[in-house]
Every structure is written in structure tokens, then in C-alpha cells.
Amino acid sequence: MPINRRELMSSAALAGAALALPAGLVAGRAQAAEAGKPAGVFSYKLGDMECLAVNDGVANFPLPDGFVKNASTQEVGAALSRALMDPATMSIPFTAMVVKTGGKTTLIDTGNGPAAGGSRGTLFSNLEAAGIDRGSIDTVVISHFHPDHIGGLTDEMDSKSFANAELVVPEGEVAFWLDDGNLANANEQMKPRFELARKKIGAYKDALRTIGDGAEAAPGVTAHAAHGHTPGHMVFRLASGDRQMMVLSDTTNHPALFVRNPQWQVRFDMDGDMAAQTRVKLLDMVSADDMLVAGYHFPFPATGHIVKDGAGYQLALAAWQPQL
Ligand SMILES: [Zn+2]
């Protein structure tokens, strides 16, 4: 079994503590250090369902020209400033979701993966902090095949990260990313993405289920087509008793830009016009119905409500505090 970075760090901390402390205090010191580290986990109930937002870190990079296809760098910088963000830096957070219901555990999207490095790829350590063994996950549901959503499907050794899980994927994504002709015609920038999708999804070929619009992806999780960001992108409605919520996946990238300005098209939106139409339709629906939502690229805890505000919307984030 490969040792992971977290284990290395905690064994190093233990070794260091062992030199300075009587044996009886070693475990206590190490546990306190672990417990004192605020984990990127936010848990709440939706009816009888237990939901957990589990953070996979953040990507920071200088705001490039053309980050928003139909707004100037100056307009984008001004929108970042209004959200108290550095106008010259784009920070994109990643947060996946775990849903526990009826004795089954489902993970929706898998983060960038342990090889991502930098400030990304914290999903596995945060799952561990939440007491969730990756081997206990029954179903992994994927919203679309971009690397920040499928990267965690395999580990550093290219083995399945979720050894006992069924993998549930959108039919539109399979049709696009796993098509031989599309790979053959892909340009140099896109080719690695097609290859990554083959590798990551291929690892689960014996436990793969492809779903369409309206299908039950997992217990209490219904998939809906929300195309535009990618050809087969999906969102997920969670329902338990009379409670419902919408997992918006990549309907919007950072909310300071794309919830505020739903017509803006991020450079990752593969069909920008269709993505904007889908975004307006979904944001309109969840705000009119006052539905709880989760957004993969919302700041942590990536959970809240969408409120209509002029020509755009606002995100009202749920209150979260680290459990110390
Ligand atoms: Zn994404």
C-alpha cells in the first residue's frame, strides 16, 4: 500500500515528538496537532441525508487576458475587487461532495488528484479527516470529464482511488471524450485532456455505468443534463423527504464573476453561448425555488443560496467554522 503525504507528515511529526517527550505524551501531542488543523470539511443534513462538502484546495494564477471570453480583463479585475479579491490573480477553489443515505455513500466528483501538487489535491486528506475511508465509497458520480473533476479517480500508482465503487458518468461525456475520431482530430492543447479521460475512466471499465438526463445516479441523486460547459455536463438534484438541493457542478466558475454576471463565459466553457443559457436557466430556477445549492468552484463551504439581484445573482454562502 503506497504511503501518502499525510502519513509521511504525521509519522515525521511523531518521530520529532518522540525525541522530546516521554512516551505517554507522544500520541496526545500528535493527535492535538492533527485536530488543530482545520479540515476543509462542512457537514449538514438534508432531510435524512448526510451531506459533506469536501475541499480539494485552490488554484491561484495571474489573471490571464481572455479568462472571460466576452468581458475585458479590466472588467473582470473590477469584479474581483468588488469581491475583495486581488484583481490581478484568479483563485479557483475546488469542492467535491459526499452524500450518505440509506447506508450508501456517494462521492460527486473527485478533485484534481494527488499528483496535482501545489495548493490543489487535498480531497483525500480531507476525506480522511472526515472519517471517510475511500474504500467505503459505494458510488462515484462524475459531472463532466475536465481534469479537476476526474483527476482523483486514480492515485499516484495509477490504481483506482475508490477500489469498491461503481463509477457513474454522463453519456454525453462518454460520447465526446472517449470517441476515437475526436481524439484523432484534437489539437495539441486538447489531446492530453482526451488521453486523461481515457486513462481515468478506463481504470473503472469493469464498474462503469453511463447515465442520461433524468437518471438516478445514486440513491437520492438524480442527474440532469446541463450542457454547454462541456458537451455532456450534468448537475444533480438531491432529495430526501421534503428537502431538495441542487449540485450545480460547473454551471458557474467563480461566483464573484459568473453568478454576478451569468452572461459572462469563462474560457473553460466549451460552448460559451449554450453554457450561458444553461447557467441563466438554472440560476433562475434555484433562486425562484430558494433551493439550497452546491457549486464546485464556489469558495468554501461551497454551499448556499442564490439570490436574484438586478441582471445577475448573488451567492449567499452557508456559515462554516473549522471544528477545533
Ligand atoms: Zn471544474
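How many residues has helix α10, and how far does α10 reach from its first C-alpha to its last? Helix α10 (residues 272-288) has 17 residues and reaches 24 Å. This is a predicted model: local features need pLDDT of at least 70, side-chain atom pairs count only at pLDDT 80 or more, and totals for chains, interfaces and linings use all residues. Residues are numbered from 1 along each chain as its sequence is written.

**View 1. The whole chain has 10 helices and 14 strands.** Helices (H or I, at least four residues) and strands (E, at least two) are DSSP runs, numbered from the N terminus. Of the 324 residues, 43% are buried (20 or more other C-beta atoms within 10 Å of the residue's own, with C-beta atoms placed from the backbone; exposed means 12 or fewer, and partly exposed lies in between).

**View 2. Helix α10 has a buried face.** A275, A276, T278, R279, L282, L283 and V286 are buried. The arc is taken from the directions from the helix axis to the C-beta atoms. On the other side, D273, M285 and A288 are exposed. Just after α10, D290 takes a positive phi of about 50°.

**View 3. Seven strands form an open sheet.** The order is β1-β2-β3-β4-β5-β6-β7, with mixed pairing. The edge strands, β1 (41-46) and β7 (208-211), each pair on one side only. Two strands pair if DSSP finds at least two bridges between them.

**View 4. Strands β4 (residues 104-108) and β5 (residues 139-141) pair in the parallel sense.** Three bridges join them. T106 has T139, in β5, as its bridge partner.

Notes:
The expected span of a helix is 1.5 Å times one less than its number of residues.
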